[in-house]
Amino acid sequence: MRDIESRGDGPHSPPPLLFLVFGASGDLTHRKLLPALYELHRKGDLHPKTKIIGIARKEKTTQMFRKEAVDGIRAFSRHLPEDEKDEPDDLRDFLERIHYFPLSFEKSEDFDHLAEYLTDPGLLEATNGNILFYLATPPSFFIPIVEQIGRIRPRLDSFPKAGFRRLVVEKPFGHDLVSAKALNVAVLKVFRESEVHRIDHYLGKETVQNILILRLANPVFGALWSREIISCVEIRVFETIGIEGRGAYFEESGILRDMVQNHLFQLLTLTAMEPPVSFDADSIRDEKVKVLRALVPWRSQKPSESVLFGQYSEGGVLGDPVMGYRQEKGVDPLSVVETYAAMKLEIQNMRWAGVPFHLVAGKRMSRKATEIVLHYRKPPVALFRLAGCHDDTENVLTLSIQPNEGISLRFGIKRPGSPLRIDQADLAFAYSQIYPEDPPEAYSRLIYDVMKGDATLFARNDEVEKAWMFMEPFLSLKRDPMFYPAGSDGPFEVDDFFSVDLS
Ligand code: NDP
Ligand code: BG6
């Protein structure tokens, strides 16, 4: 994990490369990838010779594709407001980098044409033969595309200036353990593990990376990070949005696959891992995998007893009426797919045994919040209570990942005067107080790291498989979700579900 330092063609800049986007006309490309690449271009983090080749099925010219790219950037980049009619110079320069190549993922001959196109000496020579393959396609195409790349790779590699090959695979990496393993096998037939980057955009968020800094650069917090002193850890990802028109996808995935197996498990492993022996990709990923290996349902309960599923019904979010999940387009009107999941887990190792980890993910909640909350044990003797003083003190350390990035620590203080009273206060730090500018977009950070060949913020093959392996018994549970109105705090049953552990 390196700092973003210098730009363009300076000594710390990413090398030149051909950035191939498979699925170039898709939602993700327009919403995230092109805005992120534009951000990198503006900051001078794309080598002047780097080119972006958009690849998708429909026939269209490069000019047409560039026009679509501008529309996407206008709609989703914070650097170009939608009402800004002019094209700034840096946008025009950025568009010069972009080209379009029509190709059907189902046609071998199209990949042969792609190989011819890529081995054009002018194109590959300018980028020192470096190629980055980015799979931003529906997951069903991941294996077929990788197999086709495997078929044309010898031709690309025989080019006199054979540079690096890197592969980025979008989420979801598999649908379950079997499919994740099959995808790993297909990918690792064509690419070495060190060339593969399985993306989870949560790892690109600045405050997610800050979990490790907080723990490992600050002994004062590092010392407060174990079962000796912590009574419970909560990890919650609440969203106010629903499924954003992705009904068919969500019916297949539910929130366990969409959010918990990847984003929440990343937060969990970074929070619970042991300090790595060094700060490199494999040392960090080794420790994350150990957490997943030690993960069990709370007090070894049956999976069915350690999870609670919910589904949002009609309601109102932030003042606007919204439909229920079953009314969303592409959703079965009798669907039992979960849009909310609460899990009670335990990490059975020396540091964490006996500490409940409460994971909650929910869509259409009353507020947007991604937080990691550490609850500390009470003092062994309730000195002040014994003296007749009301004392509710609970030390709580909250790491707010989004939307208001910051850290706060709650503690008890004496209220001035008599009789003796104890109040609660917070030591609070907000990122925005010190860094008023928005942090880089997660995708910019991750793409920058791939271009530099740093895999720290990407999932390794065994990490993905361990996460699926743990999740497997939960995936097959019969769903009978509790309903909660959109815009609420989730099913009311969750209080009882968790309360036993917090007492
Ligand atoms: P879309 O369905 O919007 O895009 C699909 C793309 O694939 C289009 O460019 C389409 O090209 C192309 N395509 C489809 N079939 C073929 C084919 N047979 N041959 C050639 N091209 C084809 O997908 P998304 O952008 O939503 O998702 C892409 C990936 O990103 C998925 O893995 C998804 O899970 C992941 N993701 C998406 C997020 C999002 O917010 N959208 C968030 C996080 C991850 P054409 O238009 O020419 O048909
Ligand atoms: C995506 C999920 O991976 O992450 C979406 O598919 C979810 O369902 C999104 O809304 C949340 O990302 P963020 O960055 O807004 O928290």
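1. Helices (H or I, at least four residues) and strands (E, at least two) are DSSP runs, numbered from the N terminus. On that basis, N128 sits in the loop between α5 (121–126) and β4. The phi angle of N128 is near 55 degrees, a positive value in a residue other than glycine. With a relative accessible area of 36%, N128 is partly exposed; buried means under 20% relative accessible area, exposed over 50%, and partly exposed in between (1.4 Å probe, protein chains only).

2. The model is predicted: local features need pLDDT of at least 70 and side-chain atom pairs count only at pLDDT 80 or more, while totals for chains, interfaces and linings use all residues. Residues are numbered from 1 along each chain as its sequence is written, chains are lettered from A and ligands numbered from 1 in the order in which they are written, and side-chain values use heavy atoms, with hydrogens and water left out.

3. R299 also has a positive phi, of about 50 degrees, although it is not a glycine. R299 belongs to the loop between β8 (295–297) and β9 (307–313). Its relative accessibility of 58% makes R299 exposed.

4. Two cis peptide bonds deserve a check. One runs from Q402 to P403, with omega near 5 degrees, and P403 is in the loop between β15 (396–402) and β16 (406–414). Another runs from S418 to P419, with omega near -5 degrees; P419 is placed in the loop between β16 and β17 (422–430).

5. Which residues come nearest to ligand 1? They are S25, D27, L28, R57 and K171, out of 22 residues around this ligand, where a residue is near a molecule or strand if one of its heavy atoms lies within 4 Å of it. By class, the shell of ligand 1 holds 11 nonpolar, five polar and six charged residues. In this scheme Ala, Val, Leu, Ile, Met, Phe, Trp, Tyr, Cys and Pro count as nonpolar, Asp, Glu, Lys and Arg as charged, and the others, Gly among them, as polar.

6. Polar contacts of ligand 1 involve both side chain and backbone. A polar side-chain atom of S25 is 2.6 Å from an oxygen atom of ligand 1. Backbone atoms take part as well: an N or O atom of K58 lies 2.9 Å from a ligand 1 oxygen, and a polar backbone atom of T137 lies 3.0 Å from an oxygen atom of ligand 1. Taken alone, ligand 1 exposes 900 Å², of which the protein buries 84%. A polar contact is a pair of N or O atoms within 3.5 Å; within protein, one must be able to donate a hydrogen and the other to accept it, and residues adjacent in sequence count only if both atoms are side-chain atoms. Accessible areas come from the Shrake-Rupley method with a 1.4 Å probe; for residues, only the protein chains shown count as cover.

7. Ligand 2 is surrounded by 13 residues, the closest being K171, Y202, K205, E239 and D258. Its shell comprises three nonpolar, three polar and seven charged residues. Helix α10 (residues 247–272) supplies the largest share of that shell, three residues.

8. Side chains make the following polar contacts with ligand 2. An N or O atom in the side chain of H201 is 2.8 Å from an oxygen atom of the ligand, and a polar side-chain atom of R246 lies 2.8 Å from an oxygen of ligand 2. For K363, the corresponding side-chain distance to a ligand 2 oxygen is 2.9 Å. Ligand 2 taken alone exposes 390 Å², and the protein buries 82% of it.

9. Rings of Phe, Tyr and Trp (its six-membered ring) pair if their centres lie within 6.5 Å; planes under 30 degrees apart count as stacked, over 60 as edge-to-face and the rest as tilted. The count by this rule is 19 aromatic pairs. F19 and Y134 form a stacked pair, at 6.0 Å centre to centre and 25 degrees between the planes. Since F19 lies in strand β1 (residues 18–22) and Y134 in strand β4 (residues 131–135), the pair ties together parts that are 115 residues apart in sequence. F19 is buried at 1% relative accessibility, and Y134 is buried with a relative accessible area of 1%.

10. The ring centres of F497 and F498 are 5.0 Å apart with planes at 50 degrees, so this pair is tilted. Both residues, F497 and F498, are buried. Elsewhere, ring pairs link Y249, F250, Y312, Y325, Y340 and Y484 into a cluster.

11. Charges also sit over rings (NZ of Lys or CZ of Arg within 6 Å of the ring centre and within 35 degrees of the ring normal). K344 lies over the face of F497, 4.3 Å from the ring centre.
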